[in-house]
Each structure stands twice: as C-alpha cells, then as structure tokens.
Amino acid sequence: MDIVIYEEDYLTRALLREWLREAGYRVRFGKVHHAKINRQPDLVIVDVYMPKQAGAKWVHDIQTAHPDAPIIAISGQFRTGLAAAGATAQTLGVRQVIAKPLTRADVLDAARGIIGAPD
C-alpha cells in the first residue's frame, strides 16, 4: 500500500515515514506547492499549515492531483475532539483530520481505518 505525504517540516516527514514504513506501508513524499505524482497512491497525508482559505485551496489541489486517493489532513491548527474533527474534515472534503502533535497510534489507526493494514 502506497502513501504519499505532503509535509513541509523535515522532522515531521521523517517521523511519519518511520511510523508508516515500520507498519509495512510504502511511503513517498509529494513536493509542497506541487501536487503532481505519476503513480496514484492509496492514501495521501497532507499538512494543512496555511490559513483556512489557502489551506482549503491546497487540499483541493491535492484532490485534483490524486482524484481517487482518500486524504488525511494534519495540522497544528485543528482542534481535538470528534465533533471538531468531523466538521473540519467535512469542510475540507477529506476523510479524516488529525490534530498535531501527532501520535503514532493516531496516524496508524487512521491509515488502517481508511486503507487497511498492509499484507
């Protein structure tokens, strides 16, 4: 299973890659501000680090580049709690949101819940 990560922060990228690879997923990085990947992934994880309107446009650009891939949005701007997460996911048009700081369990539970566990 192939996951593409769009994350500007090097340390967060490295941490996500480590967690996901240890769990058996293949991980690639998309270039921030350039949402073009040749092979469609099974899942996209994108950091929504911008103000609301710019962040929504960025997610739309990712959706355009990966029309069939579900998206998990991560951000330090998201509020925690089911109601807030559901409303934010619906507003952005993504499958799930995860508030930073991230935990390994949150990331892996989200990936498994959306695309399943690797074989």
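Biologist: In which sense do β1 and β2 pair, and over how many bridges?

Modeller: β1 and β2 pair in the parallel sense over 4 bridges. One of the contributing positions is I3, whose bridge partner in β2 is V27. This is a predicted model, in which local features need pLDDT of at least 70 and side-chain atom pairs pLDDT 80 or more, while totals for chains, interfaces and linings use all residues. Residues are numbered from 1 along each chain as its sequence is written, and side-chain values use heavy atoms, leaving out hydrogens and water.

Biologist: Why is the crossover from β1 through α1 to β2 given its handedness?

Modeller: The β-α-β crossover is right-handed, because, with the strands pointing away from the viewer, the path from the first strand over the helix to the second runs clockwise. The elements themselves are DSSP runs numbered from the N terminus: helices are H or I of at least four residues, strands E of at least two. α1 spans residues 10-22.

Biologist: What is the strand order of the sheet, and which strands stand at its edges?

Modeller: The open sheet of 5 strands has the order β2-β1-β3-β4-β5, with parallel pairing. From one strand to the next the twist averages 20 degrees.

Biologist: How do you know that β3 pairs with β1 and with β4?

Modeller: β1 (residues 2-6) and β3 (residues 43-47) are joined by 4 bridges and run parallel; β3 and β4 are also joined by 4 bridges, again parallel. V44 is the bridge partner of V4 and stands opposite I71 in β4.

Biologist: What makes α1 a helix that lies across the sheet, and at what angle to β2?

Modeller: α1 lies across β1, β2, β3 and β4 (71-75), running at about 160 degrees to β2. Contact means heavy atoms within 4.5 Å. Angles run from 0 to 180 degrees between N-to-C directions, with axes fitted to C-alpha atoms, for helices over the stretch in contact. α4 (residues 104-115) touches β1, β3, β4 and β5, and its direction makes about 175 degrees with that of β5.

Biologist: Why is β4 called mostly covered?

Modeller: Of its 5 residues, 5 are buried, buried being under 20% relative accessible area, exposed over 50% and partly exposed in between (1.4 Å probe, protein chains only). I71, A73 and S75 are buried on one side, I72 and I74 on the other.

Technical notes. Two strands pair if DSSP finds at least two bridges between them.
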